[in-house]
Amino acid sequence: MNSYRIQMQMWTWMKSLVLFGIALWLVLVAVIPLRAAEPAPEEKQSPEDVTEDEFLKLGTEKGIGGKDWMKFERKQIKFQIEQFIPPLLEPAFTQSAFILPPNTFRVGFAGRFLTVDGNDFFKDSDSNTAQFRNFEVERQFLDFDLFYGFDLNRKYLHSFTLRVNIPIQNTMNEGFVHPNGVPLLSAITEASSLEVGDVGIFLKKKLIDQANFPFGVAMVGALFLPTGSNNEKFTNNGKIQFIRPDISGKLGFVNGNVAPPPIGVPIPIDPVADFPPGTGPFPGLANLPQVTTPFPFNNGVFNRFSDDGRLPSVLQPGTGSVSYGVGLFFTRQFLQGDFIVGAEGALPRGFRDLERWPGRSAFHIGAFHRFNFEEDGIDPGDKTTFFTSFVKPVYKDYLSLDLSFVGFYQEEDSYKGTFIQPQLTTTAGGAPAVIFREVKRPPFVKGISGFISPSLIFSPDPQIRFTVSPLIRVIEPELGPAPDFVIRAGLTVTF
Amino acid sequence: MNYWKRDVVGWIVACALLAGASGQSLAAESFVEKVKRGFPHQFGVLHMNAPDGRRISWKGPTRQPDLSMYRSPLESKILDRRWYTNPGFYLANEEMLTSEALTLDAVKAGFPVAHDPQLWWISAQEAYWYSRYALNAAQAKAHMGVCLVHGPYWTLKARELYRKNRLNRDRGERVPSNKDILMGRYLPLYYQRVGLPRVFDDACPTYLDYTSGDPHLIGPTTFQDTFEDPQSDKKFGWGVPGYILDFANSRWSYDSIDTTIDMGGLAQVLKKKIIWTHYFFHSDHIEPSPADPTIEVTLLGNDSDEGFRGIALILGAWNTILEVKAALFADPEGKAVGGINPFVYDPAKGLRYLPHQISPNLVLLGDLPERVWALDIKDNSSQLWDQASMLWATADFYYTVYRLRDRVFTANPPVDGGILEFKTRLTARGIANVLVKNLEAMHRRDGILVSTWTPDHGVGDRVSVKDSMMAVVGLKEYVDRLEWGDDPEPELREKASDMLTAQADFLLRVQGADGSFAQGYRVPTGEPIGETTLMAPQFWAIRGLIAAYHVTEDWKYVRAAHKTWNLLNANYWHEPSGLYRSRLGDETIIYTPWEIGAAVGAMRELFFTVSLDRLQPMLNRFKRFWFQALDNSGRQMAEDFNTGELSFGIVSHDEDQDGIPHFAWGDGKYGIAPIPAFKVAINIGGAANTTFSGLGGEIYERPSYVKMAYVPRSAEDQREVLLPEVEPPGKGKLAEREPMERFSGSIIPLPPTRETARGSKHSGAEIYRLNCAICHGDRGEGIMGKPLGKISKARREEIKAVPMAGRFEKGMPPWGVGGVLTEAEIDRVVDYIKDELFRKAKSKTARSE
């Protein structure tokens, strides 16, 4: 790891620490006093409420909790749920139909860490190594979440959870790409950004609890504020440097030749350096003298995605405009004795516990769709997340295993305008050549990617939950990056 | 010694110890093995081993007598196995009231019931246990309602504890949950109060009961008695089959449950809980103290098990009442439910009433059962059945508080040994008062109570006989029960009495010349509505008319009831099957709990309105009907050890060979709860009955080993059951009888009677076997009744005094009071108990061991 990279990492973590500190301060200074300021229910009562027969007054204006006894009961349920909502049955990182009880807060902090290298970029569902084999992206996503449960105490207006999500993402690109798979060209596309993403405000409504139906159902609506930048660029002020072998004269525009290359005219390539694109390592690159020059056309701005050299939308912290999301989640909780696989004594000794498998556990399934809109000529494309999780406590009330599948359907992103793209071709005589063409900007991402994840959920206290989740890629997208491995860790505290 | 030698020796010693320990544990005989070698056949009492060394008595298996003389072949189909709370618990209530009436009241009234083990089998066993099975299965095991732990009483207690727990600073304290309060604070005290060493696993005593569910069990029944007890951290043999303590697999599929709260069903369950609370607490028991097993102390309840069940029931009942009061009363528009202040309630200032159906918006709380999040009205009509049933229940709760005062209901529970506050009676009375006010304000048309009121259309114009019956029964309960205490609303009791009389008079007015009743009537014209030849309305009318007689003592109601009884037995009775036709002219009889509950309840009440010399044929018909309709039709889908499954289903799936299997071997993969099927069809038309063959359902495959030996009676013999339609004979001809206080606490008039022949030449042993053994056990070990071991050592006069006078309130019938057993017979049985019973038992035990 070079010193530049170490510096960037340190800088990333320092900024993360500062942001975490700010979030913590918000919770400590703003939220907890807010709750503390609310008087305990009994303090709201007048002295006449404390007479000898609380039973006779129950459900009336002078009774404990006032006229609406069920409203009071819902508050009492909170005390139950704080201890019993299933920290061991909620999925580690996917969603569920559970909601928080009224007047309950939850803070969450989660980090996802992933690296995308050349093998993790896809084109036509195959690794696009011709273009990305010497390229690597390291990304860290940090999520600060604040949840609040509330109930409007009206028919059809029960059971809400409000969530504010502050995402922070750090992206570091390293290495270089071979534009359009042309091996003789290497674009250094280094970039680094640590930014707050689009702040999401989620309102989750439990439509029906499992207690009333075979499974619980919750719906969520989300609003994403354009707090995240969609203007992150590659390094060097958005400029791009190309490195290429110094095979003078072969390409016709080296060593200070700043004239734009002829558009549409094949430029022969030295046969020595010729090789089929995408089929092998760039031969002898390390041993060749290299020339780094500003890209000799278009003023060196890498305008693959925009005229001003932006990163592709998938690597941007934000979308640049307000976007929306909707989701539907289902949860089926199993109780002790459910799903018995055999009669008593049917299994051999030592496996008897399996007779009652899975017993206490939960199954979750759902999907969330985010509608993104075009901004600055860039449309990130809608994104659908779909998942299924099975969560089973494995050690008393402390440890659960979660086996999840999570998939993403990324609608094709689009970038308005054109740029000059090198392509491999042949001369009229059949010799290898590079040709530059002005083309419409092609998409960068598209298709379905999927991951399976066995997670550990550790809950030392019913109100505290730690999760660790490795995500392993099992479905590769049609186009664009998809990490083969993601590690996620999270912590939530409910109070 | 070298180290290696020391290690080797150490290993050898360790292995030897381990082998010894293993051998010891292997040598310990498991409960299942004991049962397989016939162990339970020798006793009627189970003993549960407590972790602290105590042995807790538990009602054990009982042996079924020969019932074949009442059985004849039936061809039947089970059309619907589902459990419906409203009719299911209505039937269970009538069964339990019948058990009490025929076990205790009948003896007190001098019925000719001596030496009749088949009748005792019905009254002391089947009626009792079928009712209790339903209670246990549908109210405690099935999760067929919102569990008691979420009840409003615990919410109040949680707030109270939180308040009391606060000091100057409340930093770090938290509000306890309902579960904290019940499981952590009160239950440990309840254990000690009754002597039970542990709580039942996965029990769900309910306080808001759901409408219906599929009674198939979700998992295999556990018979092994060895399991780890999280409460004591011990693993050992409990001495009772595991399923008695662990209800986890006795749940019903939650997905099958209709969670609607039906107000009538809720009220019938409430009534059931109250009846059983009284029964479980009718006496106390003496056992080693849970705190110091070396000392015997008096503990609450008939035994530890029943004491604990009694506590669960009364807590369930009280939480129902509190929830009804605080949250189930609808606003005048029928749009939302809320609380009510019963003591300032005036219908004229705005109605608040109990709607017919409520949809609970439930929430599953992680590892706890579901809890109510909100309550929405599903059907905003007010139904007479619902209101009257709730009146029946709440008035009885009020009275039960007085009956159990100072033992269960105290001023300062739990520290003074009580379970609930004595002041709970006021809330129950308040609701009962509201219901009476509402009956008058919402359900009366021209003085007659009608079945339905709706916010949109107001008072309806029709009433069913079924609803009329429950109205009269509920109002009677109110008139009877609210007399207790300081009776602050005498005018309401008068109103209730007036409504009751008007309704009973309406029944008299609409009764057909042949004594028949239609399904319902238009009010006030009395024009019949619906079918006119159904069986159930006839029985319901009888039940209602006799309830009116109990309040008014006006014989005209009994005369009308007898007329209908004669109609039923002349026209509806089908001698070959031993059943009443559910509809005249039909060759297929359809029975649901409604029909059977109507018949059983009406017959029971009729017995107390006739001269004793006319009772024997009626009792015989009752027994015949019971064994055919309840046992032989496939209606009772399963049973447990208490009604004849002596080996708990381990050795035989149907030990008593009555065709009713142990519940673990009932219908379905894992068996079915020991409750009645909702609907059965019986073919009385032979092979040509296309109606029967066209019905769906499953043919009830009755095992071939079920003995049938009924000899059909001649037409003339059958007429013995008919009653003369005359005024009660005047003095001089028959002996007058004093009004009698029943075991249920109500006082009823008894008509004059002819003297009947008494006495027999049975030996003391025979008298004991035919009359006493069913409760006290073959060897006097005590099952339903007390063990006689200690009693037999008392003086002869002291022993004799007990059967002679009975201990009626404690469940011992007064055999000598009504002359059911003569003094000479009692002398002989006392001799037997004193001189032979235990000597013989002892020698038997010695031989078997």
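User: Why is B:Tyr832 called buried?

Analyst: Buried means under 20% relative accessible area, exposed over 50% and partly exposed in between, with a 1.4 Å probe and protein chains only. B:Tyr832 has 4% relative accessibility, so B:Tyr832 counts as buried. This is a predicted model, in which local features need pLDDT of at least 70, side-chain atom pairs count only at pLDDT 80 or more, and totals for chains, interfaces and linings use all residues. Residues are numbered from 1 along each chain as its sequence is written, chains are lettered from A and ligands numbered from 1 in the order in which they are written, and side-chain values use heavy atoms, leaving out hydrogens and water.

User: What makes B:Tyr768 buried?

Analyst: B:Tyr768 has 1% relative accessibility and therefore counts as buried.

User: Why is the pair of B:Trp120 and B:Trp815 called edge-to-face?

Analyst: Rings of Phe, Tyr and Trp (its six-membered ring) pair if their centres lie within 6.5 Å; planes under 30 degrees apart count as stacked, over 60 as edge-to-face and the rest as tilted. For B:Trp120 and B:Trp815 the centres are 5.4 Å apart and the planes 70° apart, an edge-to-face pair. Both B:Trp120 and B:Trp815 are buried.

User: What makes the pair of B:Tyr768 and B:Tyr832 tilted?

Analyst: The angle between the planes is 45°, at 5.5 Å centre to centre, which makes the pair tilted.

User: How do you know that the charged end of B:Lys77 sits over the ring of B:Phe692?

Analyst: The test asks for NZ of Lys or CZ of Arg within 6 Å of the ring centre and within 35 degrees of the ring normal. The charged end of B:Lys77 lies 4.9 Å from the centre of the B:Phe692 ring and sits over that ring.
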